Amino acid sequence: MLLVPFQIGGEHYALPAADVFTVAQVPRLRPLPQAPAWVAGVFRYRGAVLPAVDLSLLIAGQPARSLLSTRLLLVGNAQDLEARPALGLLAERVTGTETVDRDALRKTGVSIPGAEWLGEVAGLDRVLLQLVHWQPLATEELARLCAGVDRCG
């Protein structure tokens with residue numbers, strides 16, 4: 001399974017590459033009033049207004065730093081040729097891809113309410129890597145807030 005790894009606070013996470021449309025530099029983000037704190041703002045992508053979720057703030061409580069390797073991962077149902085990205089995920093230390101044997105991924109056995117986006121883990125050479133699933137982050141509330149921005153221009 002091909003993954004797009006990143007780090008937050010020294011811990012290793014990854015998104016399935018099949019969910020990533022593109023990896024982009026972080027655009028100027030417009031703040032989104034009344035959004036959850038982990039929503040870094042909104043941006044335009046090919047005519048659509050999309051939310052940007054700050055994974056560092058969501059996971060570690062610290063905003064993503066402006067590193068050369070900080071990127072916006074545009075995610076959605078990337079295997080659907082007619083689909084568009086659903087949101088952007090702001091992540092640090094995005095430097096490439098990693099292939100992990102699907103059988104190496106294990107459920108943690110821990111269910112954290114409000115963190116349904118945390119997925120399986122895999123032990124790599126010297127690190128423990130945990131998957132992040134974007135789907136629980138793309139809530140109807142977030143779509144409604146973005147739609148309000150789109151109407152305002």
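Let me begin with strand β7, from which L87, L89 and A91 point one way and G88 and L90 the other way, all of them buried, where buried means under 20% relative accessible area, exposed means over 50%, and partly exposed lies in between, with a 1.4 Å probe and protein chains only. Because five of the five residues of β7 are buried, the strand is largely enclosed by the rest of the structure.

A word on what we are looking at: this is a predicted model, in which local features need pLDDT of at least 70 and side-chain atom pairs count only at pLDDT 80 or more, while totals for chains, interfaces and linings use all residues. Residues are numbered from 1 along each chain as its sequence is written, and side-chain values use heavy atoms, with hydrogens and water left out. Helices (H or I, at least four residues) and strands (E, at least two) are DSSP runs numbered from the N terminus, and two strands pair if DSSP finds at least two bridges between them.

Now to the sheet around β7. Five strands form an open sheet of mixed pairing, in the order β3-β6-β7-β5-β4. The edges are taken by β3, residues 20–24, and β4, residues 39–45, each with a single partner strand, so one side of each is left without a neighbour in the sheet. From one strand to the next the twist averages 25°, taking axes as lines fitted to C-alpha atoms, for helices over the stretch in contact, with angles from 0 to 180 degrees between N-to-C directions. On one hand, β6 and β7 run antiparallel and are joined by five bridges, with V75 standing opposite L87 in β7. On the other, β5 (residues 48–54) pairs with β7 (residues 87–91) in the parallel sense over three bridges, and here D54 stands opposite L90.

What about the packing? A nonpolar core is here a set of buried Ala, Val, Leu, Ile, Met, Phe, Trp, Tyr and Cys residues joined through side-chain atoms within 4.5 Å. The largest such core has 28 residues, and those with the most contacts inside it are F6, L55, L73 and L89. Among the elements that each supply at least two residues of this core are β1 (2–8), β7 and α2 (140–152). A second, separate core of 10 residues includes F43, Y45, A48 and L50.

Contact means heavy atoms within 4.5 Å, and, leaving aside neighbours within four places in sequence, L89 has among its contacts V53, L55, L73, W134 and L137. Although L137 and V53 are 84 residues apart in sequence, their C-alpha atoms are 8.1 Å apart in space.

Finally, the aromatics. Rings of Phe, Tyr and Trp (its six-membered ring) pair if their centres lie within 6.5 Å, with planes under 30 degrees apart counted as stacked, over 60 as edge-to-face and the rest as tilted. By this rule the count comes to one aromatic pair, formed by F6 and Y13, which is stacked at 6.1 Å centre to centre with 20° between the planes. Both partners are buried, F6 with a relative accessible area of 1% and Y13 with 10%.
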